[in-house]
Amino acid sequence: MKFPKLTLTLILTLISTFFPPSSPDPNDQSCLSNLFKTLQDPNHNLMNWTEPNFQNPCSGFLSNLAGATCNNGRIYKLSLPNFNLHGSISPFISNCTNLQSLDLSNNSLTGPIPTELQYLVNLAVLKLSSNHISGTIPPSIAMCVYLNVIDLHDNDLTGTIPAQVGSLVRLSVFDVSNNKLSGPIPVSLGNRTGNLPRFNVTSFWGNKDLYGYPLGPMKNKGLSVVAIVGIGLGSGLVSLMLSFTVVCVWLRVTDQKMAAEQEGKITQLMPEY
């Protein structure tokens with residue numbers, strides 16, 4: 001049964017009134033204040049992200065912070081897509097220990113994916129797509145065993161796809177397309193068996209040095225080092241032989257010319273009888 005938005009808001013307000021919220025969690029305060037310090041907000045979408053609100057970000061199921069959703073007095077969802085945010089992702093994001101969904105997609109974020117995400121043991125959704133995030137995909141992300149969604153497409157990620165990610169049995173959405181990843185696609189991701197969701201080519205394309213099922217085999221990057229050295233030595237030998245031949249011909253022609261000149265001089269010096 002669906003409730004109108006006004007009715008749902010009223011219900012949540014009543015719940016917050018009759019069931020006192022949990023006391024503010026200092027971890028959430030640290031998480032939010034430090035995240036805000038590493039972000040630039042040119043469009044002022046985070047105007048209510050202020051220190052007083054960081055100290056008490058939740059009131060039961062309600063939050064005063066833009067993009068934040070609470071559950072029993074704790075931040076459990078941060079949804080900030082298309083906010084035109086710049087800067088980087090603070091490693092203190094791991095202090096939001098009750099966080100289940102983090103969506104920072106379609107912004108202009110740079111820097112790496114913090115390895116500290118591994119401490120978000122309740123995280124189910126991670127969306128960082130369409131930014132300028134660089135560095136590698138941390139293998140420790142597999143510590144978030146409840147992850148259902150990992151969406152990292154359209155970034156500047158390098159390195160290989162960690163095989164550990166394939167151990168996430170709940171993973172149903174995985175997208176690393178249009179990055180700068182290289183190496184083989186882990187079999188545990190590219191060729192999943194049993195009832196595990198499978199990922200098709202669209203999850204991986206746009207990484208020119210990535211190979212393996214469901215993409216094609218490793219591309220031939222051209223001649224090997226041995227072949228290049230061999231060609232170089234062969235070219236040098238041919239050049240040397242040509243140079244030697246030219247010198248020999250030149251010396252022979254020169255000798256013949258000098259011999260002819262000497263013969264002419266001798267003929268002129270001989271007396272006539």
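**Entry 1: overall**

I note at the start that the model is predicted. I counted secondary structure along the protein chain and got 5 helices and 15 strands. I then looked at burial: of the 273 residues, 34% count as buried. For the surface, I have an accessible area of about 16200 Å² for the protein chain, with 62% of that area belonging to carbon and sulfur atoms. I also looked at contacts in the protein chain with a separation of 6 or more, and residues 24 or more positions apart account for 52% of them.

**Entry 2**

I picked out an open sheet of 3 strands, and I read its order as β1-β6-β8, with mixed pairing. The edge strands are β1 (39-40) and β8 (108-109), each of which pairs on one side only. I looked at the pairing of β6 (residues 86-87) with β8 and found 2 bridges, with the two strands running parallel. Across this pairing, H86 stands opposite S108 in β8. As a reminder to myself, strands of a sheet pair through backbone hydrogen bonds, either parallel or antiparallel.

**Entry 2: disulfides**

How many disulfides does a search of the whole structure find? I get 2. With the bonded cysteines counted along the chain, the pattern is 1-4, 2-3.

I took C31 and C96 to begin with; their sulfur atoms are 2.1 Å apart and the two form a disulfide. The pair links distant parts of the chain, 65 residues apart: C31 sits in helix α2 (residues 26-37), and C96 in the loop between β6 and β7 (101-103). I read -100° about the S-S bond of C31 and C96, and the link is left-handed. Are these cysteines buried or exposed? C31 is at 0% relative accessibility and counts as buried, and C96 is also buried at 0%.

I went on to C58 and C70, which a disulfide joins with an S to S distance of 2.0 Å. C58 lies in strand β2 (residues 58-59) and C70 in strand β4 (residues 68-71), so this pair ties together parts that are 12 residues apart in sequence. The torsion about the S-S bond of C58 and C70 is about -80°, so I logged this disulfide as left-handed.

Conventions: Residues are numbered from 1 along each chain as its sequence is written. This is a predicted model: local features need pLDDT of at least 70, side-chain atom pairs count only at pLDDT 80 or more; totals for chains, interfaces and linings use all residues. Side-chain values use heavy atoms; hydrogens and water are left out. Helices (H or I, at least four residues) and strands (E, at least two) are DSSP runs, numbered from the N terminus. Buried means under 20% relative accessible area, exposed over 50%, partly exposed in between (1.4 Å probe, protein chains only). Contact means heavy atoms within 4.5 Å. Accessible areas come from the Shrake-Rupley method with a 1.4 Å probe; for residues, only the protein chains shown count as cover. Two strands pair if DSSP finds at least two bridges between them. A disulfide is a pair of cysteine sulfur atoms within 2.5 Å.
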